[in-house]
Amino acid sequence: MELTERQTEIIEKAVELIAESSVMNLTIKNLAKAIGFSEPALYRHFESKKEILATIIRRFEDTMDGFHEEIEHRNLTGIDKLDSFFAMRFRYFMDNPNWANVLMCEANFKMDAELTHMMLDMMKQHRMFVRSCLQQAIKEHQIRTDLAFDHVFMLTVGALRLLVTRWTLENQQFNLVDEGKALIQSLRILLKS
């Protein structure tokens, strides 16, 4: 998704406002004031709050798609792809804590059916990517085959989400990348064939 420099500025400020309080604090009036725009000037870049929220979702989805493509272009085993999937997200969130605060709270997008659908579609894409990594790891005899995919998915992605949530709630008091590496290592041990 191509955004102008001004649109990028607006999206970043919107994410900051949501992260500081809640999605309810994100109004065109509050956003315009935070950026130093008039409301009509902001409307020249986005038609509505909903469009801003949809752009936040698309922007994150584009970033994650780029990570998936980068992982796929490396000559990695299935389990190493899964490691990269985690590591890239941990690094991204550590470098962009406001995005972690906003995106790990799906309730920010639940007030609108279309936004909820967008979040579900993005989660489905992530699930498909993880599934392909796990299927490759099974074929390569790297992980156990006696566990249901849905359970392995919940163990891996649920662990990622819980760690990021804890990190955000603790105001980034620990190194997410280092803790993430330790978590990945533990998951490898649990899933090892």
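Which residues form one aromatic cluster?

Author: The model is predicted, so local features need pLDDT of at least 70 and side-chain atom pairs count only at pLDDT 80 or more, while totals for chains, interfaces and linings use all residues. Residues are numbered from 1 along each chain as its sequence is written, and side-chain values use heavy atoms, with hydrogens and water left out.

One aromatic cluster consists of Phe60, Phe67, Tyr92 and Phe93. Rings of Phe, Tyr and Trp (its six-membered ring) pair if their centres lie within 6.5 Å; planes under 30 degrees apart count as stacked, over 60 as edge-to-face and the rest as tilted. The structure holds 8 aromatic pairs. Among them, Phe67 and Tyr92 are edge-to-face, with 6.2 Å centre to centre and 75° between the planes. This pair links distant parts of the chain, as Phe67 lies in helix 4 and Tyr92 in helix 5 (residues 78–95), 25 residues apart; helices are DSSP runs of H or I with at least four residues, numbered from the N terminus. Phe67 is buried at 15% relative accessibility, and Tyr92 is buried at 13%, where buried means under 20% relative accessible area (1.4 Å probe, protein chains only).

A further pair is tilted: the ring centres of Phe149 and Phe153 are 5.9 Å apart, with the planes at 35°. Phe149 and Phe153 are 4 residues apart in helix 8, about one helical turn, and both are buried. Arg131 lies over the face of Phe149, at 3.9 Å from the ring centre, and Arg127 over that of Phe153, at 4.9 Å; this requires CZ of Arg within 6 Å of the ring centre and within 35 degrees of the ring normal.

Definitions and conventions: Helix = DSSP H or I, 4+ residues; strand = E, 2+ residues; numbered from the N terminus. Buried < 20%, exposed > 50% of the residue type's maximum accessible area, 1.4 Å probe, protein only.
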